[in-house]
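Visitor: Could you walk me through how to read a model like this one? I'd like the general idea each time, then the case at hand.

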Amino acid sequence: MSVQDDVEVSVPRLAEAAIADDIGLLLAKLHAAGSVLNNRTLAAFELRERSYSVLRLACSGLEPTQRELADFLSLDPSQIVALVDELEGRGLVTREQGRTDRRQKIVLATPEGASIHAAAEAAVAASEAETLSALAPSETVTLRSLLRKALWSGAA
């Protein structure tokens with residue numbers, strides 16, 4: 001018997017409506033539930049989901065430009081500027097001249113940013129596990145694979 005078997009899950013009455021099978025609604029509700037847990041977890045690091053995402057990408061080794069961050073995170077470039085400004089003000093990231101195009105600014109983590117990221121990443125992984133606790137580990141792998149396929153299939 002798993003821990004999940006001991007927990008009674010309350011299904012809302014409106015889950016009987018046809019809309020409860022709409023993929024968009026299901027994804028939105030799962031994202032909303034995950035965001036609440038993530039933001040609660042990230043508060044200990046004085047981060048929120050969006051600032052954590054920028055920091056995580058700054059730590060990726062991919063040297064993302066601000067434009068790439070905006071495109072990948074589906075945010076307006078002005079939102080990225082504000083997020084990078086905040087992280088830069090805290091000494092967690094720096095902006096540097098692009099390696100291939102000097103007009104672009106790449107966002108890189110500082111050593112302090114990398115340290116905060118490592119701790120936050122572990123906490124977020126635990127939060128994600130809580131959000132997806134009703135799924136078996138293999139189902140989580142399948143879900144992740146299907147979401148990536150739906151988002152980026154056919155992308156070159």
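Guide: First, the ground rules. This is a predicted model, where local features need pLDDT of at least 70, side-chain atom pairs count only at pLDDT 80 or more, and totals for chains, interfaces and linings use all residues. Residues are numbered from 1 along each chain as its sequence is written, and side-chain values use heavy atoms, with hydrogens and water left out.

Visitor: Which elements does the chain have, and in what order do they run from the N terminus on?

Guide: Elements here are DSSP runs numbered from the N terminus: helices (H or I, at least four residues) and strands (E, at least two). The chain has seven helices and two strands, in the order α-α-α-α-α-β-β-α-α. Its C-alpha trace spans about 55 × 35 × 25 Å along the principal axes.

Visitor: How much of the chain is buried?

Guide: Buried means under 20% relative accessible area, exposed over 50%, and partly exposed in between (1.4 Å probe, protein chains only). By that rule, 26% of the 156 residues are buried.

Visitor: How do I read the sides of a helix?

Guide: An α-helix has 3.6 residues a turn, so residues three or four places apart point the same way. Now take helix 6: Gly-113, His-117, Ala-120, Val-124 and Ser-127 are buried there. They cover an arc of only 90° around the axis (taken from the directions from the helix axis to the C-beta atoms), which puts them on the same side of helix 6. Pro-111 and Ala-122, on the other side, are exposed.

Visitor: What do the buried residues of helix 6 pack against?

Guide: Contact means heavy atoms within 4.5 Å. The partners are helix 2, helix 3 (49-58) and strand 2 (105-109).
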